[in-house]
Amino acid sequence: MATSRDIKARIRSVTTTKKTTKAMNLVSSAKMARARGRLNAANPYFKLTKKTIGDILNGCAETISPEDFPFFEGNRPLKKALVVAIANDRGLCGGYNSNVTKLAAQVALGLSDEGKSVTFFTIGNKARDFLRRGGAAIIGHVGGIAASPSVLDAQDITKELVDMYENGDVDEIHVVYTEFVSAITYVPASVRILPLSAADFPAEEGHVRGMVKFEPNSTEVLTRVIPKYLSTTMYETLITSAASGQGATMAAMDAATENAENIISNLTLVLNRVRQAAITQEISEIVGGANALE
């Protein structure tokens, strides 16, 4: 049976762990709030760029053919697919990393079943480590930004992906990320960002062709807006993944703190029992010694 000294040392150790998990919980909570704020601030811009593309495709006086633009489907066969997996750089976040990487593997398997060659681009060290262990072909990686991505990070990543697409290294790009629903709910999701589909930009109800006129012309505007839309889409996936990751860390650290409290409570009970047993034994020895002297 453990001694009082051993149990006290164990209680001190668990108490230190509890302080650490509590601090990590508070830090993750603050980071999640900031990520949600950035996500809410970016949403209007994202919606506006998407609406602008829809206006150009559906609301201009002149006819725009999406197939004439390299970023839209229909101008080349889709044989080489790239899966972008977004996860955390660190663990201690429950099933967040494993859920998104498993979905990335499922997406890749589905693309392979269609006869396409599949490669990966990872964002976050945990995504790279998981896919590397599975023998996946990783042709690009970005680490150190998963917890707090910036607009510049999104622009740099988008430029690298677009270069691959324009150079013919890949024919389609899917992003696997975690969609932030609430502080306790995060859903792994997948979206194809390239090539774009005209169906993703429907005309607004009641919108009449020719109501909007773009200068110098709609083709020039569309050519400039699409890259902004792609970088905004990437920024949105990065931010919602960051918020989800921080929420998952917060939940995991909250559970760890609660477990530490339960362990401390149980160890305190064991310590009291050991003390009581020691006291009872001492009393028994004193009583036995007194009886022997009679």
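This report walks through the fold, the surface and the nonpolar cores of the protein.

## About the model

This is a predicted model, in which local features need pLDDT of at least 70, side-chain atom pairs count only at pLDDT 80 or more, and totals for chains, interfaces and linings use all residues. Residues are numbered from 1 along each chain as its sequence is written, and side-chain values use heavy atoms, with hydrogens and water left out.

## Overall fold

Let's start with the elements: the protein has five helices and five strands, arranged along the sequence as α-β-α-β-α-β-α-β-β-α. Helices (H or I, at least four residues) and strands (E, at least two) are DSSP runs, numbered from the N terminus.

Contacts (heavy atoms within 4.5 Å) reach across the sequence: among those with a separation of 6 or more, 77% join residues 24 or more positions apart.

## Surface and burial

Of the 294 residues, 40% are buried, meaning under 20% relative accessible area with a 1.4 Å probe, protein chains only. The protein exposes about 15,700 Å², with 54% supplied by carbon and sulfur atoms; such areas come from the Shrake-Rupley method with a 1.4 Å probe.

## Nonpolar cores

A nonpolar core is a set of buried Ala, Val, Leu, Ile, Met, Phe, Trp, Tyr and Cys residues joined through side-chain atoms within 4.5 Å. The largest has 41 residues, of which Ile53, Phe121, Ile123, Ile157, Leu161, Ile173 and Met234 touch the most other members. Elements giving two or more residues to this core include α1 (4–59), β2 (117–123), α4 (151–166) and α5 (218–293). The greatest share comes from α5, with 10 residues.

Beyond its neighbours within four places in sequence, Leu161 contacts Leu82, Val84, Phe121, Ile173, Ile193 and Met234. Another core, of 15 residues, lies apart from the largest one and includes Ala85, Val107, Val118 and Val176.

Methods:
Buried < 20%, exposed > 50% of the residue type's maximum accessible area, 1.4 Å probe, protein only.
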